[in-house]
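This report describes a single protein chain from its overall composition down to individual residues. The sequence and the structure are shown first.

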Amino acid sequence: MTTETPPNDPNKTLVAFQPLEKINTHAATPATISYDNIKLAIKLPYYRFHEMQGFKVPKGDMKIALIGGGPSVAGQIDAIKNFDGVTVACGSSYDWCVNNGITPNYCVVCDPDPISANYITKPQFSTIFLVATQCDPKVFDTLKLNAIFM
């Protein structure tokens, strides 16, 4: 197998990479489950992401904080609370935010694993949930009283 330096690495900090077709990967959730979830979700009566009010309006210099679930976020509670912009909880970080007095403007859920429903057990009405159609039906059920865009 041959490797080459990625073309977008001008400083040659990445020694080499393997072409994607040579990498042995396994998704946590089989693709067939994702497809089944999509077939169910597209029949749900939720608006699509591109139908959000203001979606196509240029945002200029809008500040956005993406809140992830990594260990360093615990030291950023005050910074997030005082953030002057839009906050977006990503995946598993939503309940952590709520537990720490942070109500994100948005929450993005895209993992098809049913465990994702366990991370959004305290949905706040002021949060808009951006949910991928591949998400497990449990996610949609958990959020059925909230604003959901797919």
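The sections below treat the basis of the model, the chain as a whole, the strands and selected residues.

## Basis of the model

The model is predicted: local features need pLDDT of at least 70 and side-chain atom pairs count only at pLDDT 80 or more, whereas totals for chains, interfaces and linings use all residues. Residues are numbered from 1 along each chain as its sequence is written, and side-chain values use heavy atoms, with hydrogens and water left out.

## Overall composition

The chain contains 4 helices and 5 strands. Helices (H or I, at least four residues) and strands (E, at least two) are DSSP runs, numbered from the N terminus. In that direction the order of elements is α-β-α-β-α-β-β-α-β.

Of the 150 residues in the chain, 29% are buried. Buried means under 20% relative accessible area, exposed over 50%, and partly exposed in between (1.4 Å probe, protein chains only). The accessible surface of the chain is about 10,000 Å², and carbon and sulfur atoms contribute 57% of it; such areas come from the Shrake-Rupley method with a 1.4 Å probe, and for residues only the protein chains shown count as cover. Among contacts in the chain with a separation of 6 or more, 36% link residues 24 or more positions apart, a contact being heavy atoms within 4.5 Å.

## Strand pairing

Two strands pair if DSSP finds at least two bridges between them. Strands β1 (residues 64-67) and β2 run parallel and are joined by 4 bridges, with Leu66 opposite Val88 in β2. Strand β2 (residues 86-90) is largely enclosed by the rest of the structure, because 4 of its 5 residues are buried. β2 also pairs with β3 in the parallel sense over 3 bridges, and Val88 stands opposite Tyr106 in β3.

Strand β3 (residues 106-109) is joined in parallel to β4 (residues 128-131) by 4 bridges, and Val108 faces Leu130 of β4.

## Crossovers

Two right-handed β-α-β units can be described. One consists of β2, helix α3 (residues 94-99) and β3; another consists of β4, helix α4 (residues 137-142) and β5. A crossover is right-handed if, with the strands pointing away from the viewer, the path from the first strand over the helix to the second runs clockwise.

Asn37 lies in helix α1 (residues 31-41) and is buried, with a relative accessible area of 5%. Not counting residues up to four places away in sequence, Asn37 touches Pro112, Thr133, Gln134, Cys135, Asp136 and Pro137.

Ser116, in the loop between β3 and β4, is buried at 6% relative accessibility. Beyond four places in sequence, Ser116 touches Val109, Asp111 and Val139. Ser116 and Val139 are 23 residues apart in sequence, and their C-alpha atoms are 6.7 Å apart.

## Surface features

Met62, Ile64 and Leu66 make a nonpolar surface patch of about 320 Å². Patches are made of residues with over 30% relative accessible area and no salt bridge; like charges are joined within 9 Å, and nonpolar side chains (Val, Leu, Ile, Met, Phe, Trp, Tyr) within 5 Å. Leu66 is exposed, with a relative accessible area of 64%.

The structure holds 1 salt bridge, defined as a side-chain nitrogen of Lys or Arg within 4 Å of a carboxyl oxygen of Asp or Glu. The side chains of Asp141 and Lys144 form a salt bridge at 3.3 Å, N to O, and Asp141 is partly exposed, with a relative accessible area of 47%.
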